Amino acid sequence: MENSVPDFVLFLGRFHPLVVHLPIGFLFFAFVLEVFSRWKKNPVLTSGIPLALFLGGLSGAVACILGYMLSLSGDYEEAALDTHFWFGIATTAIAFIAWGIRIEKIKVSSLKKLQPNIAFLTLLVILLSVTGHYGGNLTHGSDYLVKYMPFGGAEKQELVAVTKVEDAEVFGHLVNPILQNKCASCHNSSKKKGGLSIADSLAILNGGKNGDILIPGDASNSEMLKRVLLDPHHDDFMPPEGKTPLTEEEIAILTYWIDNAQANFKTKVASVETDENITGIASTMLGLSAGSSSGSEIPIPSVSLVADDKITELQVEGFRLRELAFESGLYEAVLAPNSNENGTTDDMSKKLEKLLSIKENILWLSLENNEIKDDHIKLIAQFINVQKLKLNDNPLSDAAVAQLTQLENLTSVNLLGTNITAKSIPSFSEMKQLKYAYVWKTKIKKEDLEKKGINDYPKIIID
Amino acid sequence: MCNDHQHKLRSNNKDLQKLESQLDRRHFLKKTSLGIGALALGSLLGTEKLFAGIDKNSAPEDILKAYNKNRLGLPHHLPKAKRIIYLFQSGGPSQMDLFDYKPKLSDMFGKELPDSVMSGQRLTGMSGNQSTLPIAPSTFNFKQYGESRAWVSDAMPYLSEVVDDLCFIKGMQTDQINHTPAITFMQTGNQLPGRPSIGSWLSYGLGSDNENLPTFITLVSKNGKGQPLKASLWGNGFLPTEHQGVQFRSGKDPVLYLSDPENYDGNDRRHMLDYLGNLNNLQHDAYGDPEIQARMSQYEMAFKMQTSVPEVSDLSDESDSTFEMYGKDSRDPGTYAANCLMARKLLEKGVKFVQLYHQGWDQHNYCPGGVKSQSQKTDQATAALVKDLKQRGILDDTLVVWGGEFGRTVYSQGQLTKENYGRDHHPKAFTMWMAGAGVKPGFSYGETDDFSYNVVKDPVHVHDFHATLLHLFGVDHERLTFKHQGRRYRLTDVHGNVVKDLLT
C-alpha cells in the first residue's frame, strides 16, 4: 500500500506535525486578543485579530493538506484518523468563516445579539482542542495523556504480584512490560507503524504488513528479534533512531520467550526451561533481586518497613540500625560494646524489649561485650528472623545456647569468650540452619569435638 | 540581619572585626544573589549532596537518622560482606612460583616459548628485545594442601595451612602491562589516574559504620621498594572528597597533622571548629560548592580521629600469642605484619575498607630469591589474618582479597640458569585469591594453559572482579553511578559481569 504513494508525498506529509502548530498558535492568539481587548476595553488590540484569523485559516489549510498526505502512509487506525481528519477540516473552515465575520464580508445581522465574533472564536478554540487531542492520540496512543494521571486513570491490566520468579508469567510479567515500554509508542491500536500493533496477544499474532513477527521456538528467525539485533545504523533497526534501544537483558528475555516458552502468552516461568542468567534478569525486573545468587539459603523473610521515628527511637537507645537492602525493611542491629556500662541487668532487658518491637525486621544482631546474661536470652530468642547473632564476650552459659535453638533461621552464632562448655555442642547440632558456631576462648576444647564425633555441620570453630 | 551576626564576631583585633562585619553587609547581599545562581547551577549539575548534607548543629538523633537513610537507594540487595581487607601485592607476584602449578614446564627448561602460545603478543621494552625467550620452570616445590587439595609452593608454608578458607581465581586478566597503569586500573577500573578507587565507591555508596573513623583507610608497608605508590590509588576521583582513603603511617603519627601542635592543649578545639564551621557554612551558602561541606566533614573527622586513632593504632593490648601468630615483624610498627594486625583492629572497629599495600613483587631478575624473601615478609601475617578473622567470627562477613596488578611471564627475562631467572610483566593470566564473606571457601576457579600464559577456562577480567566485589556488598555495579562531566560513571564503567560461580 505504501508503495503506491510517491515518496515525495510522504516526505511532505511528515511536515504535518510541524506545520500543525501554526494554526493552533494563530487561532488561539486571536481568541486571546478578543478576550483581552474586551476586558481592557481597548479596541486597538482588536486590529490584529483579522490577520491572526486569516493566517490561522491559511496555515490550517496547509496543515490539512499535509495531514492528508501523511495519512496516505496507512500507518494509522482508520476510525481515529477519520475523526481527526474531519475535525481538522472543520477547524480550518470555521477559521475562515470567523475571519469573514470579523472583516464584515459575511454579514450575520440576525445574529448580532449573539456576538458572533467571540462565539466563533470560542468555537474555534474548542475545535482546536478536540482536533489536537485526536491528533495526539494518533501519534502517541490513546492512553498517552492519562497514563500517569494521579487519580482514576485508564484501567490497567492488573497482574498478580509475584514473590517468586517461578510464579511469573513469561509474557505478562516479563515480555509485555518490555514491549509496552520500548515498542508500544509506535505500534499500538491507533498508531500501527508498519501495520503492527502490540496492544494485545491477538494483535501481536496478527503481525505487521510484512507478515508474522514471531516464529515460536526460533527467535533468530523471528522478525521481532531480527529487527532488534540488526546493526543500529541499519534502516530497519528497531526501535528506530532516537528511541531507546533494547538492553541485552531485554533481548535475552525476548529470546527466552520465543525459544524456550514457544512464544506462548500464558506459560509461567516454572514450566519453561530457564537458565540462571534468565532467572537473574527476571528477578531484577520483578524487583526480587535480593539474594538471588543463593539457591540453598534460607528464604529472605518479607517484612513491613520500619518507620523513621522508630529507627530514631532505637538509635537513641544505642542501637545502630543499618538497612541491609534498600527498602527491604531488613536490618542489621548493632549495640555498641559497653552500651550499658552504668545500667543494670534490667536496663539491658528494657533496651532489648524496645528492639523487640521490630523483631521481625532484624536479620543480623550484634550484642557483643554488653554484659548480656542468660536471663536476656529469652528476649533474644524472640528475634525469629535473626540469621547472624553475635553474643561474644558476654557472661553466658550453656543454658543460653539451649534457648537459642528456638532461632530456627540462625546460620552463624558467635559465642567467643563466653562461659559455655562442651555441653552446648548438642544444642548446636539441633540448629538446623547453623553453619558456623564460633567458640574460641570458651571451655570447649578440640578434644570435645572429637569425642562427640561432630565434623561437618555445623562447623564449630575453635581456633 | 547584621546584628544577628554581631555576637559571632570573635576577633580581638579591630581590623579583623572590620573584615568580619563586612562579611555581613556588603557580601551578604552580593553573595546570596550569586549564591542562588550557584545553587541553581549546582542542582543542574546534579551534585546530589548539595541539600543532603548533615547539619552538625542538629540534635544527635537527627544525625543518626541522617546516617541511617541511604539516599542512593543502596544496598540493592542483601549483602554478604560488611567490610573488606584488600592485601595489595604491588609489583606483580609470580603466579607460577606461588599458586599456579605447571608441572610440565620442568621438562621444557630453557626451550623457546612456542609462538603459538605467545600468539603475537606485544612484550614490554624490557624483554621484547631479547633474542630468545627461554622457558623458566619454577624452582619452588609445589604440594597440595587441605581438604580442597589446593596447590601452593613451599614459598608460602603458612598460607598453605589455611587454603581451605581461600577461593583462588587462577584466570585473572588485566589490560595493562606496566605498573602504574595496571595498579591504577586494578584500584579504580581505569588505567589513567582520576577515577574513584574501589574503597571510595563503597564509602560513597554505603556510608560509614563508625563515625569516629574514616570508612576507607590505607596502610602501606614501610621501607617499600620498587614502583612508587601514590595517593591517587586511594583517591576519591570525582566523588566528594570525604570518600578518599586516609593513609595510616607507622610511627608516632599514624595520620599526619592530626596531633595538636606543641604548646597547644587543644581544650578549645571544639569551640574553634564550631566557629570555623559557621564561617564555612556562610561560604557554602554563598557558593554552594559541595567541596566546602566535604572539607567541613573532614575537619570533624580529623577532630574525632584525635581520640579514635591513638586508641585504634595502639597494639599494646594484643596478646603475645596474637603477635606470635602474625610473626615477629608484627611488633615492629609499619611492617606488613604489623599492618595486617592493625587492619584487623580497624575492621573490628567498623572501618569498611582497609586497603593494604606491600611493594616489592617485581621480580625482573633474581626471581626465586625475590619471591622467597617477599613471601617471608608476608606469608605468615597473611595466613594469620585469615585465621584471626575466622577465630573471632568475623570472617563470614569480612572479605579478604590478595593479589597484585598483573602476573609474570613463564619465560626468563635475562639469563636463565638452573637456580636463577627473571620474569617480566604478564597481563594475560595471573592468580588472586579471596576469602570470607560470600565466596566459596576451598575453591579454585579458572585455568591457565601449561605455560600459565593464556587463560583456557573461566577467565575473570579486572572489571568482572570489581563487579563481583561490589555484588558481595549488595551493590549492583551497573547501578552505583556518579554523574561527572556530563555522563554517569561506574567503577566498572561499561564492562564487567558478576562471577556468580565464585559465590556461595
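Q: What is the helix content of residues 83–102 of chain A, and how far apart do the end C-alpha atoms lie?
A: In this predicted model, residues 83–102 of chain A are 100% helix and 0% strand, with the end C-alpha atoms 28 Å apart. The UniProt record, an unreviewed entry, places the feature "transmembrane region" at these residues and also at 15–36, 48–71 and 114–135 of chain A.

Q: What is the helix content over residues 48–71 of chain A?
A: This span is 96% helix and 0% strand, and its end C-alpha atoms are 34 Å apart.

Q: Why is helix α4 of chain A called roughly antiparallel to helix α5 of chain A?
A: Helix α4(A) (residues 49–71) and helix α5(A) (residues 78–102) pack at an angle of about 160°, with their axes 8 Å apart. Angles over 145 degrees count as roughly antiparallel, and therefore α4(A) is roughly antiparallel to α5(A). The crossing in which α4(A) passes α5(A) is left-handed.

Q: Which residues of α4(A) and α5(A) meet?
A: On the α4(A) side the contact involves Ile49(A), Pro50(A), Leu53(A), Phe54(A), Gly56(A), Gly57(A), Gly60(A), Ala61(A), Ala63(A), Cys64(A), Gly67(A) and Ser71(A). On the α5(A) side it involves Leu81(A), Phe85(A), Gly88(A), Ile89(A), Thr91(A), Thr92(A), Ala95(A), Phe96(A), Ala98(A), Trp99(A) and Arg102(A). By class, this contact has 14 nonpolar, eight polar and one charged residues.

Q: What makes α5(A) and helix α6 of chain A roughly antiparallel?
A: The angle between α5(A) and helix α6(A) (residues 116–140) is about 160°, and their axes are 9 Å apart. Because the cut-off for roughly antiparallel is an angle over 145 degrees, α5(A) is roughly antiparallel to α6(A). Their crossing is left-handed. The residues of the contact of α5(A) with α6(A) divide into 19 nonpolar, eight polar and one charged.

Q: Why is helix α10 of chain B called roughly parallel to helix α11 of chain B?
A: Helix α10(B) (residues 336–348) and helix α11(B) (residues 367–391) pack at an angle of about 15°, with their axes 8 Å apart. Angles under 35 degrees count as roughly parallel, so α10(B) is roughly parallel to α11(B). The crossing of α10(B) past α11(B) is right-handed.

Q: Which residues of α10(B) and α11(B) meet, and how do they divide by class?
A: From α10(B), Tyr336(B), Ala337(B), Cys340(B), Ala343(B) and Arg344(B) take part. Their counterparts in α11(B) include Lys377(B), Gln380(B), Ala381(B), Leu385(B) and Asp388(B). The contact has eight nonpolar, three polar and three charged residues.

Q: How do you know which stretches call for caution, and why?
A: The mean pLDDT of chain A is 83, and 91% of its residues reach 70 or more. Over residues 290–296 of chain A, however, the pLDDT is below 50, and this stretch has 15 contacts in the model beyond near neighbours in sequence. For chain B the mean pLDDT is 87, with 87% of residues at 70 or more. Residues 41–67 of chain B have pLDDT below 50 and 29 contacts beyond near neighbours in sequence. Where pLDDT is low, the predicted coordinates should not be read in detail.

Q: What ipTM and pTM does the model score?
A: The scores are ipTM 0.79 and pTM 0.68.

How values were computed
Residues are numbered from 1 along each chain as its sequence is written. Chains are lettered from A and ligands numbered from 1 in the order in which they are written. This is a predicted model: local features need pLDDT of at least 70, side-chain atom pairs count only at pLDDT 80 or more; totals for chains, interfaces and linings use all residues. Axes are lines fitted to C-alpha atoms, for helices over the stretch in contact, and angles run from 0 to 180 degrees between N-to-C directions. Helices (H or I, at least four residues) and strands (E, at least two) are DSSP runs, numbered from the N terminus. Angles under 35 degrees count as roughly parallel, over 145 as roughly antiparallel, 65 to 115 as roughly perpendicular and the rest as oblique. A crossing is left-handed if the near helix is turned anticlockwise from the far one by less than a right angle, and right-handed if clockwise. Two residues are in contact if their C-beta atoms, placed from the backbone, lie within 7 Å. Ala, Val, Leu, Ile, Met, Phe, Trp, Tyr, Cys and Pro count as nonpolar, Asp, Glu, Lys and Arg as charged, and the others, Gly among them, as polar. UniProt positions are given in the numbering used here, feature names are shortened, and annotations may be inferred rather than shown by experiment. pLDDT is the predictor's confidence in each residue, from 0 to 100.
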